[in-house]
Amino acid sequence: MSIIQVTGSGKSAVSDRTPFYGARVPTEVKSMIKPLTKLEKGVFRKILLLIVTAIEGKNVEYKQIKDLETKDFQEETLCVIYSGLLKLLQCALKLPNGSLKQELFKEDLLELQIPEDFHTDISSVIFGNRRAGIDSECLKSRPRLPQVDQLKWRVDVGISTSVLNRVLEPSVLMEMTLTDGNIHTFEVPVSKFHELRYNVAYVLKEMEDLEKRNILKIKD
Amino acid sequence: MALMFTSTPSIRKAVGLINEVDQGKFPLVVSRILQKLHLKDERTFSEDEEEKLQGTLGMSGPDLELLLQTLEFFLQQSAYHTAKPAALSQQLSQLGMDQDKVDTIVESWTTKGREVIQNLRQRALMPNQLTDINWRLNLQMAQSMETKQKLPNAMFELGVHREGQEDKEKIRMEFTHDELYQFYNQLETIQKQIDGLS
């Protein structure tokens, strides 16, 4: 029995780990490789900047891509490059900050035959100081139930009612404004308020336990 | 102790009717009224029951109505003033009620009075009342833009019962750790205020 070692396309010796973009090269990335090799660094940088603005959540207009059109590069080619680069960056950003190592990333870029000049720029997006902004935008944009925007409250003590001369019973009135715009006003009798407080404290404690346990158990 | 009942003609007539009621059936009527006293807008006896009562007590419709209303009035006033049994006994006797009827009423009041007052105390005017609290703790592992996450998440569902409507309104909201901590701090502030009252 002999062990046959299979080498890659000639550049990397170790090909048995999955690249950051997955098992197969995405179609958008494949189609952009050829035009990318002919692209100038200046135009490349501008496209990259547009992509980063888009990922950070701000609006990008089609006009901005059109403006970069030159006699060498048609609109369509620019669009192909844009979508290819976007896909590439999205795949790289999918892994959390510590997970993807820079050297391995560069190796994968080499495998894809992306010109080496562009490597530093792309790496600076993933590993540089703009990453924090991208991550926080990612957190903000996830699907969520409405959160409590504002809680107004009031503690009342009923002194007398039409049926009872001496009541002296406290109660809490809450007005909760949620992030979806709904305003809910309701009264909470003191017993229910204690229950609410107990439940919130319990969940808080469970969350803290979960976070402590987590760091030890689930590793990347 | 303030005088709860003044001797008006209708009260005198009602006392007369009360005195005529069969002693065996009287305690049941009194305890039924006490049971339903704290409920809003609910008749103590349904129409069928009132008809049956007319037969068993041997009274006409208007007389029965006067009787029941006056009894309810006596008990409502006792609740309003938080009457002691002795005071109640004395004032009822002053109206001319027979001693055994007075004793029945006072006995029922002594046993069930506290509970009735407690129920009345908790009657709220505000239609929306918080009734249910449900929650769920989640750990977000991934989303479309980022995988391999460990984000704890809590979802709360508060059931608010609106008076007069059958269904509950459910308020659903979500908290991260920080948001939940802020919410908890607000609840703590409210608690301090409540503690300051007593």
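By class, nine nonpolar, five polar and nine charged residues make up the lining of the second largest pocket. Here Ala, Val, Leu, Ile, Met, Phe, Trp, Tyr, Cys and Pro count as nonpolar, Asp, Glu, Lys and Arg as charged, and the others, Gly among them, as polar. This is a predicted model, in which local features need pLDDT of at least 70, side-chain atom pairs count only at pLDDT 80 or more, and totals for chains, interfaces and linings use all residues. Residues are numbered from 1 along each chain as its sequence is written, chains are lettered from A in the order in which they are written, and side-chain values use heavy atoms, with hydrogens and water left out.

**The second largest pocket**

- This pocket holds about 480 Å³ of space. A pocket is an open set of points on a 1 Å grid over the protein atoms alone where a 1.4 Å probe fits, with protein on both sides within 12 Å along at least five of seven lines; lining residues have an atom within 4 Å of a point.
- Of its 23 lining residues, B:Leu37, B:Glu42, B:Thr44, B:Glu72 and B:Gln76 are the closest to the centre.
- Helix H4 (residues 61-81) of chain B gives the largest share of the lining, nine residues. Helices (H or I, at least four residues) and strands (E, at least two) are DSSP runs, numbered from the N terminus.

**The largest pocket**

- About 930 Å³ of space lies in the largest pocket.
- Its lining has 33 residues, and those closest to the centre are A:Glu187, B:Gln122, B:Arg123, B:Ala124 and B:Leu125.
- The lining divides into 13 nonpolar, 11 polar and nine charged residues.

**Where chain A meets chain B**

- Chain A brings 61 residues to the contact and chain B brings 58 residues; contact means heavy atoms within 4.5 Å.
- About 5800 Å² is buried between the two chains, with 69% of this area from carbon and sulfur atoms. Buried area is the accessible area (1.4 Å probe) that two parts lose on being put together, summed over both.
- On the chain A side, A:Arg142, A:Leu164 and A:Met207 lose the most area to chain B, together 10% of what that side buries.
- There are three salt bridges between the chains, each a side-chain nitrogen of Lys or Arg within 4 Å of a carboxyl oxygen of Asp or Glu.
- A:Arg144 and B:Glu179 form a salt bridge, with their closest N and O atoms 3.3 Å apart.

Key: Grid points are joined across faces, edges and corners, and a volume is the space filled by probe spheres set on the points.
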